[in-house]
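Have a look around first, then read on.

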Amino acid sequence: MTGSRFDVSVETKFNDGDRTMANTYVDAVTKTVDVNGTSFVYRETGEKNGIPVVLLHHLTAVLDDWDPRTIDSLAQKHRVIVFNNRGVGGSQGTTPDTIDAMATDAAAFIRALGLTKTDLLGFSLGGFIAQVIAQKHPDLVRRMILAGTSAAGGEGVSNVGAVLQNAVARATAEKKHPKQSLFFTQSHDGQKAAAEFLQRLGTRQQDRDLPATQETIVAQVTAITKWGMAPKPTSLDSIQHPVLVANGDTDVMVPSINSVELARKLPHSELSIFPDAGHGAIFQYHSAFLDQTLRFLQN
């Protein structure tokens with residue numbers, strides 16, 4: 001049920017007056033910032049002022065794996081910042097193999113931009129990272145959207161490596177993209193949404209990001225496996241921020257029951273489950289998800 005409620009590179013100088021924002025994500029300039037001696041790449045678009053929405057992305061993803069339609073819709077009302085964590089795509093350094101270390105790097109990136117408060121949108125792996133940021137750096141967070149993700153120790157999370165490997169092998173044999181089965185259901189509507197999503201991801205032609213290396217992917221899978229094998233938290237009471245939890249009803253990467261459990265354990269949460277949708281439900285049900293998100297961020 002949707003909307004059920006639980007009460008339970010360019011070098012930049014950080015002077016907001018000098019900041020230039022792209023009108024669309026496809027046109028956003030790739031910038032760099034020094035994070036404790038390591039260069040991280042990022043892009044930003046949307047409003048110049050207000051609390052920014054920082055996006056934390058999924059396993060294997062780089063800057064060009066965010067749906068530009070999602071970012072452009074958020075950017076109509078908010079400043080939106082997308083970045084690659086340590087060692088991912090065009091960001092330098094070595095990708096760590098724990099979620100805690102990834103969260104430490106993400107928080108350091110936020111502070112390196114001179115930001116003191118953010119809204120976080122964590123998708124899949126990014127949702128794990130967002131939870132740790134909220135627990136260990138609560139001052140940096142106002143609100144969170146957690147999509148296609150799970151609390152530590154979630155059902156099936158430690159199997160993500162095998163699920164990814166099988167999907168890549170199947171996609172290669174069928175001459176398809178792995179996201180067609182990993183992110184979307186096999187129904188007509190699901191596969192139509194998959195084709196449209198992949199087409200949008202290819203819109204940017206210039207200054208595209210570097211792909212994630214095999215070393216990065218192995219480190220990320222290791223981190224996810226450790227997260228999935230961790231003891232289940234009895235509660236997430238330390239996260240006092242308002243949270244919107246979203247997913248499809250048929251997520252094969254992070255089983256949908258984990259979103260239900262996550263919302264149940266968070267003290268101030270809302271849960272949105274979309275029908276006939278998988279891991280990429282927020283992209284398939286773009287309009288409904290953005291309506292919910294914009295309302296949630298405005299409240």
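Predicted model: local features only at pLDDT ≥ 70, side-chain atom pairs only at ≥ 80, totals over all residues.

Lys 175 is exposed, with a relative accessible area of 78%; exposed means over 50%, buried under 20% and partly exposed in between, using a 1.4 Å probe and protein chains only. Lys 175 sits in the loop between α4 (160–174) and α5 (179–182), and its phi is positive, about 55°, although it is not a glycine. Helices here are DSSP runs of H or I with at least four residues, strands are E runs of at least two, and both are numbered from the N terminus.

Asp 207 also has a positive phi without being a glycine, near 50°. You'll find Asp 207 in the loop between α6 (188–201) and α7 (214–229), and at 41% relative accessibility it counts as partly exposed.

Residues are numbered from 1 along each chain as its sequence is written, and side-chain values use heavy atoms, leaving out hydrogens and water.

The average pLDDT (the predictor's confidence in each residue, from 0 to 100) is 92, and 93% of the residues score at least 70. Over residues 1–19, though, the pLDDT is below 50.

## A strand tucked inside

Now for strand β7 (residues 118–123): 6 of its 6 residues are buried, so it is largely enclosed by the rest of the structure. Thr 118, Leu 120 and Gly 122 point one way, while Asp 119, Leu 121 and Phe 123 point the other.

Two strands pair if DSSP finds at least two bridges between them. β7 pairs with β5 (residues 53–56) in the parallel sense over 4 bridges, with Val 53 opposite Asp 119. Another 6 bridges join β7 to β8 (residues 141–147), also running parallel, and there Leu 121 has Ile 145 as its bridge partner.

Helix α2 (residues 99–112) has 14 residues and reaches 20 Å from its first C-alpha to its last. Its buried residues include Ile 99, Met 102 and Phe 109. After α2 comes Gly 114, with a positive phi near 80°.

Technical notes:
Expected span 1.5 Å × (residues − 1). Contact = heavy atoms within 4.5 Å.
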